[in-house]
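Good morning, and thank you for joining. I would ask you to keep the sequence and the structure in view while I speak.

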Amino acid sequence: MSFHNRFSRSAGLKLFLSCAFPVHFWAIVMVLKEAETLLVKRDLVYGLGFSGYLLALALLESLLLFAFIYALSFLFPKRWDEHTALVVACLLGLVVAGWSIGNQSFFLLVELQPAWFEWLMLRVGYRQRLAYGLLVALVSLSAALPLAGLPQSARGIRLAEGLIEKLILLTPLYLAMDVIGIVFMTVRNLT
Amino acid sequence: MEDRTPLSRRKFLQLASLTAFSALSPRLPQPASARPNFLIVVFDAWSAPHLGMFGYPRQTMPLLESLSDRAIVYHRHYAAGPWTIPGAASLLTGTYPWTHRAFSAEQMQLAHPKHNLFRALAQGGYTTNAATHNIFADEFLTQIHQDIHLRPAFTDLFLPTRLPFPKLFPRDLEASALAQIRAFWNNENVNSALFLGELLKARAQADLSRIDARYSAEFPGGVPAIPVLDLRFLLEDGINHLLRTTASLSAPYVSYYHFYPPHQPYNTRREFAGLFRRDGIEFPEKPLSISNEGHTQEEMDKARRAYDEFLGYVDAEFYRLYRAMESAGQLEDTWLVLTSDHGELFERGNIGHETPMGYEDGVRVPLFIFPPGQHARQDVTAPTSAVDLLPTLMHLAGQPLPDWSEGRVLPPFDPQPPPPDRPVFVFHPANARARQPIRQGSATIVQGSYKFVHTFGLPEQRASGPHTELFDLATDPDELVNLYSPGDPLAAAMLAALTKRIQQADTPYL
């Protein structure tokens, strides 16, 4: 299987949109978190400029996530048809981004290390690489296990597909906001 | 470090419109000497009682003292708040904390952002410039950024880590720097970048390790740092930045540099580390304060020694700054103001400046004013306040005094000397709500030789009620004997004056 025909153009676009959705969702949450600073303490032009940087970065991260998931999709069993592979790939992107958002929002909401993380660090003698390795393994397993069983269930595929279709509905709007953000960024760096 | 100060689009348009207008309007001749430059140097958490010239048993800053014969030295100068947010905001606005309403990290919005030093002087034609190591002071500079013509990015005063935005967006440093912090380097551990954030943080962490290793011989206790932001800096770089910037400013200018030392952590330079280790000086034990943090005398003495040794670093760098400006001829038309936003204390179970109690070490700060051409020391012993700085500079600039400032022109410049019973206030807003009437806090009033400290509504005092202390600093400079008794007429008068001031300030929030 060559690189270019793992997914058709429309399937590739759908994969990109599903990767862009969680990344942009989080970026917009972070922009809104700064809304008071941006609008009350500063001005609208500054706020749009600032938002432009975060949205442009979200676009870059969406492309990176897309490239990563696309590359992973070459490891999928060859017996999977494009439709199944696409659904699994989209879910994979959502799970990876979901873990990252969960990690961030934990600090946003609680601001303290969870007890289980303290427990883990104690067990690994505060060796950060080992801790990171274990956490990556945990994330990989959490993604791989449910997805491994999914292609066997036509209903599961249908449900997942429906979910993805709903989630990516707003993504083109986010991408349009990226374009506006990049324009603002460019103007601020040219004047 | 390279100076990459941005000229924003808004500023460009403002300057362009002014240029167009000035071509049409008649220009009055203005002799350069008529309006002097002002350079305000603020060292954070710098306590006046720690100076040998004010009676401290250690000679912590001998070089500064050697320059004092060119200065007006204020012996009883008080910060308006006991930590950076209320204190620095008062310096910049000439108003007390109950007026500017910058109370805490969550409530930092200045109530009247147009009432600030830079705008006031800019209206008289001054070029304005400001930079700081302190993130809270930087927040204030951000709020009044439209009044500051030249403001480097916050990160410019720090040792560089390889975070990418300053290099990628040199023309939009301010917004891009904030975006970078929010994207990759947020001290709340919440980043907008889901994946790159962790990678870039790991890279920046490696940079910090490299910086620590590189300067470990020069700074044996660690490189000067702002731990909560994971930033490292050298005061030398900050001073060099100041020298470069002020040399390029068009006169007349006002320049404000707010440096982090001698704020914690007290990471001094090698030649000062251990300087006072075996000097045998013992400091008297004082009764525990109502807000003591439980530090032992040994812990307080150890921290005090580290602080005193850190002052040596500040002393050396300020001396270098003074000499460099002098040899460049910059001091011939520049008033150099040296002060602090608040003090630091190591007594009564406290280390640092977390206590709401306004004891001398925590709230009495140095103020040295070096006028151009001054060759004899002048001493001012009347109580003065940080809020006096703004009207004093306006007076020296020959501009009308703003009616919103709560300060007055400092002696000896005020043709009318202050009344001997003029009260000077220090206010700690505790957890008071900025946009509601003040229901809790701690106020210190210095009036004549007396100091009155009154705390009210603090959560830890729910059971015990307000707490009041009264000292006669003339006979009891160490504040050991609390003279307060209920019904004391002096204390009652001071409390009434305080209540009136707070009620007046609260009027818009009733």
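In chain A, 80% of the contacts with a separation of 6 or more are between residues 24 or more positions apart. Please bear in mind that this is a predicted model. The secondary structure of chain A comes to eight helices and zero strands, so that the pattern along the sequence reads α-α-α-α-α-α-α-α. Of the 191 residues in chain A, 32% are buried.

Let me turn to one pair of helices in this chain. Helix α1 of chain A spans residues 9–33, and helix α8 of chain A spans residues 171–190. Their axes are 9 Å apart, and the two helices pack at an angle of about 65°. Because angles of 65 to 115 degrees count as roughly perpendicular, α1(A) and α8(A) are described as roughly perpendicular to each other. The crossing in which α1(A) passes α8(A) is left-handed. Which residues make the contact? From α1(A) they are Leu17(A), Ala20(A), Phe21(A) and His24(A), and from α8(A) they are Thr171(A), Tyr174(A) and Leu175(A). Sorted by class, this contact has five nonpolar residues, two polar ones and no charged ones. On helices in general, an α-helix has 3.6 residues a turn, so residues three or four places apart point the same way.

A further position in chain A deserves a remark. Gly162(A) is found in helix α7 of chain A, residues 154–167.

I now move to chain B, beginning with a helix. After α3(B) comes Gly94(B), with a positive phi near 65°.

Next, the sheets of chain B. One is an open sheet of seven strands with mixed pairing, in the order β4-β7-β1-β8-β11-β2-β12. Its edge strands are β4 (127–132) and β12 (378–380) of chain B, each of which pairs on one side only. From one strand to the next, the twist averages 10°. At one place in this sheet, strand β2 of chain B, residues 72–74, is joined to β12(B) by three bridges, and the two strands run parallel. Tyr74(B) has Val380(B) as its bridge partner in β12(B). Helix α10 of chain B, residues 235–248, lies across β1 (37–43), β4 and β7 (253–259) of chain B, and runs at about 175° to β7(B).

The other sheet I wish to show is an open one of four strands in chain B, ordered β14-β15-β16-β17 with antiparallel pairing. Why is one side of β14 and of β17 of chain B left without a neighbour in the sheet? These two strands stand at the edges, and each has a single partner strand, so one side of each has no neighbour there. Direction ignored, neighbouring strands of this sheet are turned by 10° against each other on average.

We can follow this sheet strand by strand. Five bridges join β14(B) to β15(B), and these strands run antiparallel; here Phe425(B) is partnered by Ile445(B) of β15(B). Strand β15 of chain B, residues 441–447, is joined to β16(B) by seven bridges, again antiparallel, with Thr455(B) in β16(B) as the bridge partner of Ser442(B). β15(B) and β16(B) form a hairpin with two residues between them, and Gly448(B) in its turn has a positive phi of about 60°. β16(B) is joined in turn to strand β17 of chain B, residues 467–472, by six bridges in an antiparallel arrangement, where Tyr450(B) has Asp472(B) as its bridge partner.

Thank you for your attention.

Conventions:
Residues numbered from 1 in each chain as written. Chains lettered and ligands numbered in written order. Predicted model: local features only at pLDDT ≥ 70, side-chain atom pairs only at ≥ 80, totals over all residues. Pairing = 2+ DSSP bridges. Axes fitted to C-alpha atoms, helices over the stretch in contact; angles between N-to-C directions. Parallel < 35°, antiparallel > 145°, perpendicular 65-115°, else oblique. Left-handed = near helix turned anticlockwise from the far one by under 90°. Contact = placed C-beta atoms within 7 Å. Nonpolar A, V, L, I, M, F, W, Y, C, P; charged D, E, K, R; others polar. Buried ≥ 20, exposed ≤ 12 C-beta atoms within 10 Å, placed from the backbone.
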